[in-house]
Amino acid sequence: MLPPEIELDAELRKVVTIRACCTLRLFVPIKGRPAPEVKWTREHGESLDRASIESTSSYTLLIVENVNRFDSGKYILTIENSSGSKSAFVNVRVLDTPGAPQDLKIKEVTKSSVTLTWEPPLIDGGSKIKNYIVEKRESTRKAYSTVNANCHKTTWKVDSLQEGCNYYFRVLAENEYGIGLPVETSESVKVSERPLPPGKITLLDVTRNSVSLSWEKPEHDGGSRILGYIVEMQSKGSEKWSTCATVKVTEATITGLIQGEEYTFRVSAQNEKGISDPRQLGIPVIAKDLVIPPAFKLLFTTFSVLAGEDLKVDVPFVGRPKPAVFWHKDNVALKQTTRVNAESSENNTVLTIKEACREDVGNYLVKLTNSAGEATETLNIVVLDKPGPPTGPVKVDEVTADSITISWEPPKYDGGSSINNYIVEKRDTSTTTWQIVSATVARTTIKASRLKTGCEYQSSVFLSWGKPIYDGGSEIQGYIVEKCDVSDGQWAICTPPTGIKNTHMEVEKLVEKHEYKFRICAVNKAGVGEHADVPGSVIVEEKMEAPDLDLDMELRKIVNVRAGGSLRLFVPIRGRPTPEVKWGKMDGEIREAAIIDTTSSFTSLVLDNVNRFDTGKYTLTLENSSGTKSAFVSVRVLDTPSAPVNLKIREITKDSVSLSWEPPLLDGGAKIKNYIIEKREATRKAYAAVVTNCHKTSWKVDQLQEGCYYFFRISAENEYGIGLPAETSDPVKVAEVPQPPGKITVDDVTRNSISLSWAKPEHDGGSKIIQYIVEMQAKGSEKWSECARVKTLEAVITNLTQGEEYLFRVMAVNEKGKSDPKALAVPIVAKDLVIEPDVRPAFHSYSIQVGQDLKVEVPIAGRPKPTVTWVKDGQPLRQTTRVNVSDLTDLTILNIKETSKEDSGTYEITVANVVGQKSASVEIITLDKPDPPVGPVKFDEISAESITLSWNPPVYTGGCQITNYVVHKRDTTTTVWETVSATVARTTLKVTKLKTGSEYQFRIFAENRYGQSFALESVPVVAQYPYKEPGPPGTPFVTTADVHGKPLPTIKWYKGDKELEETARYEIKNTDFSALIIVKDAIRVDGGQYILEASNVAGTKTVPVNVKVLDRPGPPEGFGNYQHHKGFYDCLLEPAR
């Protein structure tokens, strides 16, 4: 009996790392007697259905093929027999793209943006997450588009979204192995917010107890449909707004108001996101009945209508109370019937005319009257109809052997429009066939030439029958046509007994060679009216006629029709017997959807919803026993172009693909303006535009991702839009051998080795760089020998000969092959280097806002590696967890976390080695709001109404200029501070408009771009003059003088060179014959010489006056001349001045 044992290999005791899509093999030797039972499990109970497990008495083997990120984790092996059990586990890490990010949430939605947040994936694919890819998709589309492919946070604001649209969002994590699984919003997100306020509010009407309002829709509905509007009102004297109406339209009538009361109204819009800010009516409204004289609001006074159609004439007006409305036609009160009637409302009257006819033409007068006055307006109604017949008789003005000149008068009724032209026909009286002489006669006379000498002709103008002048008070229901064979005199009905609706008819089944008469009756509800006879009689003769057709002038040109529209080809035909009609299309078949209609007199082809493929020549062939006639109509469908043809790949480089193609076979009936080239990565579903305005049939698509597979497609564009695309059938891979490595740098040289580094190639050729090959060449040799193969961007070449000179070069290798070599520019001698130390900061000063982290990197150099010392403001830098220095081979780095203002100052860096030393300094400026201004606050001048303050600037300005000072004041009887000025530019301010005798306290703030300092407060100060009742020695003195002169002189007082003016302390009282100056509260500085000046046109006289002010003496002068001996000082003082 032997208890179970598990012998885990050393590799299985570590983390087993394996690439995705590879095969995982866990081979574990085991022991035990009897042979133990083997059980494999996963740590969290995951399924092992995909695993293949093989176990014997000496080992167990677990195999998982094609592993993915979900196969990462602990695999637990348990073996058990009757002697006991044993367990062990193996940690497996599958190197794969990451799993989906977790907990994707919508943090904020505005009218143009959505803010997303998420958590990192639970499975990182065995590699650090490099970045996230954020994508969006409109709910109406299938393909996602990239918003940000390089997001380094777990939150992102997606902006520039279409307001009101629904979007899905998804986020994918990316590591060094690629882009992982996406997490997607489960429901679409509507980009909207609450609406803007409604537009301008208009007062429509006011009565004693109601108000009618209307308003404009909001400029923006917030991206969501407006559900309704809330109308609120506020009575005068009340602060409360109450809801008075909730409506879905942009108008409302508010009832239940109190007569004479004044109200204010406001309206808010509401959507699914909430209620907008309200829009208020500009003025209050008083509930009272309005009195307004009637007035019309017509835009025009002439109205036209086609004969047989209905006309509604809407006449808006205003008037309070509601005016009475009267209609007149041609100065006679309008007779209202079921066909012609007028209806009126509060603000308009509507005249309705059904089946307008020429009798409705005329001037209509509308009259409005109410208690405030009356108004009238004349309207002109024109019925547009075919004209009446020309006025006869036809005059024969001149007759020759082969021509006749005839004339006639214009129709009495022109149908509401000027006569365009007359049609003149002729008929040989021996036949019944009329032939057109001219269809474009502009005047009322014509000369018909080329007539047959001796033949009789008749000229006329053809008109069908019109409606009866009087309908009997009931609508006409139809017409009955009767015929009479002259040979038997019997009348027979040609129409159904109920009649026909049309005012024209073709009478069939007549006997050839017989003469017929015709008459027509109108029918209404009351019965059949009197008949109207067709003048003369008609002899029916059947004549053989070869087929012919009349192509309209428009059909002789190219027929243009817009895509999606209908093609209608109508061609009048003739021929006896009725010809057989065949429609065809050159170079193709007519679509089955075409509707072809044919009668004895016309044929038509109708094709709805046409497209570019319906372009071409349509042929029409007529055939009967008398002959054949053919014609064609060219049709051009104005559509977007068809797909370009013969799309080819001309050239592929490492980052570009050159395409060529030929124009579309169908240009859509318009010139090709340009081509649109698009590309699509094979891993994506959506195309992205490369160029939308290409005017050639070739293009080089550059800036492609090396190594990626792409599809390309080309679409042509004309004035009607973008046509069908031509697409490459297979994906195109963008790849080639890599470019040479970048610049090679010598990092270190010793007597027997050299360290090299280099930059990656600018392009890896579209395939991953597998390795780099380093080769060297000794001086005097032409042979290059390989000295290193590395996967990194650096290599150390050893075993060099001291003093020997070498050249080096590096090549990059990918799956396509080796790049061209990149050579080191100069040869290198193998010897130990000695380099004087050097330190060169990139900048002399660094500015950082307080609270943020600062990292200062200073390049250093020197061999051997120099020692680095940092000094701040003359003292060695004290390093803490917050402020510390780290040194690399060629850098010294100062790190300061959460910078404070104490970190500002000058930092000196000293580097030293055996060769020497060198120093450099950098200044760090911390940016923050400033310190308070420096006090105390000085009161430079005080009066009863003003106080002039001054102070000193802050010691610490926050690293930038003080923009302004803010001064507050406070009456000491309150706790409320008031702003005196927030824009003080200097350190002094005169505060005015103070209350005499009140005590004030002031405080001053300094302000820069980063904020406002704490306040500097002053001591309290009273707003009053700084002097009291006079007393010795400060008694006032008075100086007077008698003044004489003619004319009376002008008097001025001077002290020194300065003219004296009246102030609170100086009072000057001059009269015609005396000069007087009073100086109040005299002090020592008021002493001295005063000069009185009197001047007139005769001259100037000055008199000096000496004033001495009696006061206590000033302080002694000259203190400081002293000697020390035996513990005493001998001082020498000078008398006071």
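This is a predicted model: local features need pLDDT of at least 70, side-chain atom pairs count only at pLDDT 80 or more; totals for chains, interfaces and linings use all residues.
**Exercise 1.** Decide whether Lys-329 is buried or exposed, and describe its surroundings.

*Solution.* Begin with the element: Lys-329 lies in strand 29, which covers residues 324–329. Its relative accessibility is 18%, and since buried means under 20%, Lys-329 counts as buried. Leaving aside residues up to four places away in sequence, Lys-329 touches Leu-334, Glu-359, Asp-360, Val-361, Asn-363 and Tyr-364. With Val-361 there is also a polar approach, in which a polar atom of the Lys-329 side chain lies 3.4 Å from the backbone oxygen of Val-361.

**Exercise 2.** Determine how many aromatic pairs there are, and work out the geometry of the pair Trp-118 and Tyr-132.

*Solution.* The count comes to 16 aromatic pairs. For Trp-118 and Tyr-132 the ring centres are 5.5 Å apart and the planes stand at 70 degrees, so the pair is edge-to-face. Trp-118 belongs to strand 10 (residues 114–119) and Tyr-132 to strand 11 (residues 131–138), so the pair ties together parts that are 14 residues apart in sequence. Trp-118 is buried at 2% relative accessibility, and Tyr-132 is buried with a relative accessible area of 6%.

Terms used: Residues are numbered from 1 along each chain as its sequence is written. Side-chain values use heavy atoms; hydrogens and water are left out. Helices (H or I, at least four residues) and strands (E, at least two) are DSSP runs, numbered from the N terminus. Buried means under 20% relative accessible area, exposed over 50%, partly exposed in between (1.4 Å probe, protein chains only). A polar contact is a pair of N or O atoms within 3.5 Å; within protein, one must be able to donate a hydrogen and the other to accept it, and residues adjacent in sequence count only if both atoms are side-chain atoms. Contact means heavy atoms within 4.5 Å. Rings of Phe, Tyr and Trp (its six-membered ring) pair if their centres lie within 6.5 Å; planes under 30 degrees apart count as stacked, over 60 as edge-to-face and the rest as tilted.
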